[in-house]
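Q: I am new to this kind of reading and would like to learn it one feature at a time. Could you take me through the entry shown here, giving the general idea before each case?

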Amino acid sequence: GVSYHLDTTFSILARPTRYVKDGNEGAEPPYATEETAAPDIQTALDICADGDEVVILPGTYEISEQIVIDKELIVHGQTGKPEDVVIHQTAANRCLQINGGKECIVHSLSVENGTQSATFDYGAGVYMAQGTYPSPGSGYTPSAGSGILSNVIVRNCKLTTKWSVCAGVYAKGPDCLVIFRLGFSVFCYSKRNNYG
């Protein structure tokens with residue numbers, strides 16, 4: 001029943017938004033509009049700070065290196081339909097690594113064609129953990145990663161060596177959350193009885 005009056009001014013700031021449009025020739029930092037969007041996903045991620053949002057316009061984004069999200073960002077496809085944004089790996093590499101923190105959210109996109117060819121490596125499609133193998137043939141135990149993965153299609157990802165783990169999504173730790181929709185299907189391919 002008691003009210004107070006604060007003689008102050010509050011400002012509500014909008015979340016900084018970066019856009020990505022595959023191969024955009026008019027790209028111009030800070031990539032704040034669709035016309036000046038970054039030409040690829042990693043370029044947009046690299047200039048972000050914690051709390052930014054990255055909106056990926058529809059298209060197929062061919063990559064040869066994994067995309068790394070190591071900040072607390074919201075990264076998503078523009079339309080909300082995962083089939084509209086496809087991250088297509090063209091090399092023998094993972095598609096996506098997420099370890100940006102508890103507030104890092106990745107949703108509404110597809111990853112495909114990820115491959116792990118190194119012994120004792122993990123997650124050919126999406127890897128949500130910290131650490132990498134020290135050298136080919138040497139085992140390691142990834143430490144807990146963090147982030148949220150939702151409404152993402154992972155397809156055609158594979159392992160090609162013995163003792164690799166998880167062709168699709170590898171997530172470790174209580175701060176990793178992977179959300180599946182009802183009616184989803186999972187297909188994992190592995191060589192020599194590896195598990196996905």
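Q: Is Asn-156 buried or exposed, and how is that decided?
A: The model is a predicted one, and in it a residue counts as exposed when its relative accessible area is over 50%. Asn-156 has 53% relative accessibility, so Asn-156 counts as exposed. As for its place in the chain, Asn-156 belongs to the loop that runs between β12 and β13 (158–159).

Q: What is there to notice about the phi of Asn-156?
A: Most residues other than glycine have a negative phi. Asn-156 has a phi near 55°, which is a positive value in a residue other than glycine. Asn-113 is another case, with a phi near 75°, again positive in a residue other than glycine. Asn-113 sits in the loop between β8 and β9 (115–116), and with a relative accessible area of 21% it is partly exposed.

Q: Which peptide bond is cis, and where does Pro-30 lie?
A: Most peptide bonds are trans. In this model, the bond from Pro-29 to Pro-30 is cis, with omega near 10°, and Pro-30 lies in the loop between β1 and α1. The loop between β1 (17–20) and α1 also holds Asp-40, which counts as partly exposed because its relative accessibility is 30%. The C-alpha atoms of Asp-40 and Asp-22 are separated by 5.6 Å, while the two residues are 18 apart along the chain.

Q: How should I read the pairing of strands, and how many bridges join β8 to β12?
A: A pairing can be read from the direction of the two strands, the number of bridges and the residues that face each other. β8 and strand β12 (residues 147–155) run parallel and are joined by 7 bridges; Ile-105, for example, has Ile-148 in β12 as its bridge partner. On from there, β12 pairs with strand β15 (residues 176–179), also in the parallel sense, over 4 bridges, and Leu-149 stands opposite Val-178 in β15.

Q: Which strands pair with β5?
A: Strand β2 (residues 53–56) pairs with β5 in the parallel sense over 4 bridges, and Glu-53 has Ile-74 in β5 as its bridge partner. β5 also pairs with β8, again in the parallel sense, this time over 3 bridges, with His-76 opposite His-107 in β8.

Q: Which way do the residues of β5 point?
A: In strand β5 (residues 74–77), Ile-74 and His-76 point one way, whereas Val-75 and Gly-77 point the other way, and all of them are buried.

Q: What lines the largest cavity, and about how much space lies in it?
A: A cavity can be described by its volume, by the residues that line it and by the classes of those residues. A search of the whole structure finds 1 cavity of 30 Å³ or more, and about 30 Å³ of space lies in the largest one. Its lining includes Val-75, together with Ile-41, Leu-45, Ile-67, Ile-69, Val-106 and Leu-109, among others. The elements that give two or more residues to this lining are α1 (41–46), β4 (67–69) and β8 (105–112). By class, the lining has 10 nonpolar residues, with no polar and no charged ones.

Q: How is a pair of aromatic rings described, and how many such pairs does the structure hold?
A: A pair of aromatic rings is described by the distance of the centres and the angle of the planes. The structure holds 2 aromatic pairs. In one of them, the rings of Tyr-127 and Tyr-170 have centres 5.8 Å apart and planes at 15°, so this pair is stacked. Because Tyr-127 lies in strand β10 (residues 126–130) and Tyr-170 in strand β14 (residues 169–171), the pair ties together parts that are 43 residues apart in sequence.

Technical notes: Residues numbered from 1 in each chain as written. Predicted model: local features only at pLDDT ≥ 70, side-chain atom pairs only at ≥ 80, totals over all residues. Heavy atoms only, no water. 1 Å grid on protein atoms, 1.4 Å probe; cavity = no way out; pocket = protein on both sides within 12 Å on 5 of 7 lines; lining within 4 Å. Points joined across faces, edges and corners; volume = space filled by probe spheres on them. Nonpolar A, V, L, I, M, F, W, Y, C, P; charged D, E, K, R; others polar. Phe/Tyr/Trp six-rings, centres within 6.5 Å; stacked < 30°, edge-to-face > 60°. Pairing = 2+ DSSP bridges. Buried < 20%, exposed > 50% of the residue type's maximum accessible area, 1.4 Å probe, protein only.
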